[in-house]
Structure formats: C-alpha cells, structure tokens
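Open the model in a viewer and keep the selection panel at hand. The stops below give a selection and then what is found there.

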Amino acid sequence: QAGSTNEVRSPAPTLGMALLSNGIVVDTGDNINPPLDSLTDTSTTADIDKSREIEIQLSTGPLTSKTSVKTVGEALGEAGISLQGLDYSRPGAGAPIPDNGIIQVIRVQEEQILESEPIPFETETQPVADLEIDNRSLVQPGTYGLMTKRIRVRLEDGVETTRHVEDVYISQPPQSEILGYGTKIVPRTMNT
C-alpha cells in the first residue's frame with residue numbers, strides 16, 4: 001500500500017532476494033532505494049515507490065508504460081519521449097500524472113508556404129501619330145502581375161490547425177495593355 005511500512009525478516013544476502021522471499025514483488029518501473037542487488041545487513045531499510053501503468057498517446061499509436069514518477073515530463077523522459085520545438089503534452093509537462101494515467105503528446109510542425117494570385121492588367125489608350133485616323137493597333141501587350149502571400153501553416157500531428165498570412169507583396173507588377181488609335185490625317189481625292 002502507498003505510504004505503508006512493512007517489516008520483514010530474511011536471511012537472504014541481497015535486498016531483492018529478501019523481498020522476494022517475503023512475497024514482495026518489485027515491478028518494472030518501481031523505484032527502489034537502495035538497489036535490489038544491495039547486500040543486506042541486520043537493519044537494511046528500503047524505500048519502494050510502486051509504479052502505476054500509464055498510456056502515452058502518440059500520433060503513431062499508444063504506448064503503455066509503468067512509472068513511479070510524479071510529473072508528466074518525468075514520465076515522458078522515462079519512456080524516452082522528448083518534446084522538441086513546439087511539441088506539447090496534455091496535461092502539460094510540469095503537471096502531475098492524471099488519475100486515468102493517459103498522457104497525450106502532440107507533435108507540432110510549422111512551415112512557410114508561398115501562394116501567388118494573378119493581378120489583372122489595365123487597358124489604356126493613347127494616340128499614335130503615324131497611324132491613320134479611325135484605325136486601332138496594339139502598341140504594348142498587357143501582362144498579368146503576381147501578388148504573393150507568405151503564409152505560416154501550423155500542423156499538429158500532421159493535421160493543419162492554423163494558417164496565418166505573414167506578408168503580402170507584389171512579386172511581379174502588372175504591365176498595362178496599350179491600345180493605340182490613329183491621329184494621322186491622310187488626304188485622299190475621289191473622282192466623281
């Protein structure tokens with residue numbers, strides 16, 4: 001029982017053998033001080049923190065483990081799971097292990113992506129001196145511009161959770177289409 005004290009007697013040479021001969025089972029994950037292979041003498045005292053089963057939920061699947069530590073961060077460290085960068089756990093790493101023993105680890109990635117949108121061009125007209133009146137011609141073709149957005153995308157366990165536009169800029173300005181209209185008057189004669 002947690003917090004209880006038991007007195008046992010045994011002629012066994014090591015602490016582990018003395019506990020086993022008295023029916024006290026030490027599980028993997030139990031914290032025992034001094035170690036089980038310590039030699040016993042007439043009054044050896046041992047502290048045993050009994051472990052409990054926990055389940056660590058990862059995106060790759062659940063991992064069960066036994067631990068006697070008190071906080072979530074210690075339990076994750078004992079299981080060989082580290083929180084890197086923006087990763088976090090529920091409950092938090094400093095919190096005590098929950099009563100149900102379930103700890104969720106969320107792996108977080110952030111990436112930047114660029115998205116471009118076309119910017120339409122405008123159409124302008126201008127006079128063309130060497131083009132006959134009432135005629136039109138293309139002086140300059142129009143080209144679309146590009147507006148680029150730099151977006152930060154946050155993924156938690158591979159699922160997009162947020163998308164934030166960090167910057168918007170014109171990576172290529174549009175070029176106006178220029179249509180020319182003739183202004184040149186050409187005298188003509190007509191025989192009637």
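Start with the open sheet of three strands, ordered E7-E10-E11 with antiparallel pairing. Strands here are DSSP runs of E of at least two residues, helices are runs of H or I of at least four, and both are numbered from the N terminus; two strands pair if DSSP finds at least two bridges between them. E7 and E11 are the edge strands, each pairing on one side only. From one strand to the next the twist averages 20 degrees, with axes fitted as lines to C-alpha atoms and angles running from 0 to 180 degrees between N-to-C directions.

This is a predicted model, in which local features need pLDDT of at least 70 and side-chain atom pairs count only at pLDDT 80 or more, while totals for chains, interfaces and linings use all residues. Residues are numbered from 1 along each chain as its sequence is written, and side-chain values use heavy atoms, with hydrogens and water left out.

Select E7 and E10 next. The two run antiparallel and are joined by twelve bridges. Within this pair, valine 108 stands opposite glutamate 156 of E10.

Stay on glutamate 156 and show its side chain. Glutamate 156 forms a salt bridge with arginine 154, the closest N and O atoms being 3.1 Å apart; a salt bridge is a side-chain nitrogen of Lys or Arg within 4 Å of a carboxyl oxygen of Asp or Glu. Both residues are buried, where buried means under 20% relative accessible area, exposed over 50%, and partly exposed in between (1.4 Å probe, protein chains only).

Now widen the selection to Glu110, Arg150, Arg152, Arg154, Glu156, Glu166 and Asp167, which a network of salt bridges links. One link to display is arginine 150 with glutamate 166, at 3.9 Å from N to O. This pair connects distant parts of the chain, with arginine 150 in strand E10 (residues 145-156) and glutamate 166 in strand E11, 16 residues apart. Arginine 150 is partly exposed at 29% relative accessible area, and glutamate 166 is partly exposed at 33%.

Move along E11 (residues 159-172) to glutamate 160. Is glutamate 160 buried or partly exposed? Its relative accessible area is 41%, so glutamate 160 counts as partly exposed. Leaving aside neighbours within four places in sequence, glutamate 160 is in contact (heavy atoms within 4.5 Å) with Val153, Arg154 and Leu155. Its side chain also joins that of arginine 163 in a polar contact of 2.9 Å. A polar contact is a pair of N or O atoms within 3.5 Å; within protein, one must be able to donate a hydrogen and the other to accept it, and residues adjacent in sequence count only if both atoms are side-chain atoms. For a sense of distance, draw a line from glutamate 160 to alanine 46: the C-alpha atoms are 50 Å apart, and the residues are 114 apart in sequence.

Turn to the open sheet of four strands, in the order E4-E3-E6-E5 with mixed pairing. Neighbouring strands are turned by 25 degrees against each other on average, direction ignored. Select E3 (residues 52-58) and E6 (residues 102-106): these strands run parallel and are joined by three bridges. Isoleucine 56 stands opposite isoleucine 103 in E6.

Which residues make up the largest nonpolar core? The nine are Ile54, Ile56, Val72, Ala75, Leu76, Ile81, Ile97, Ile103 and Val105; such a core is a set of buried Ala, Val, Leu, Ile, Met, Phe, Trp, Tyr and Cys residues joined through side-chain atoms within 4.5 Å. E3, helix H2 (72-78) and E6 each give two or more residues to this core, and H2 has the largest share, with three. Centre on leucine 76, which touches Ile56, Ile81, Leu83, Ser89, Ile103 and Val105, not counting residues up to four places away in sequence.

Go to threonine 67 in strand E4. Threonine 67 is buried, with a relative accessible area of 1%. Its side chain makes a polar contact of 2.5 Å with the side chain of glutamate 78, and a polar atom of that threonine side chain lies 3.2 Å from the backbone nitrogen of valine 69.

Finish with aspartate 87 and arginine 107, whose salt bridge has its closest N and O atoms 2.7 Å apart. Aspartate 87 lies in the loop between H2 and E5 and arginine 107 in the loop between E6 and strand E7 (108-119), so the pair ties together parts 20 residues apart in sequence. Aspartate 87 is buried at 13% relative accessible area, whereas arginine 107 is partly exposed at 30%.
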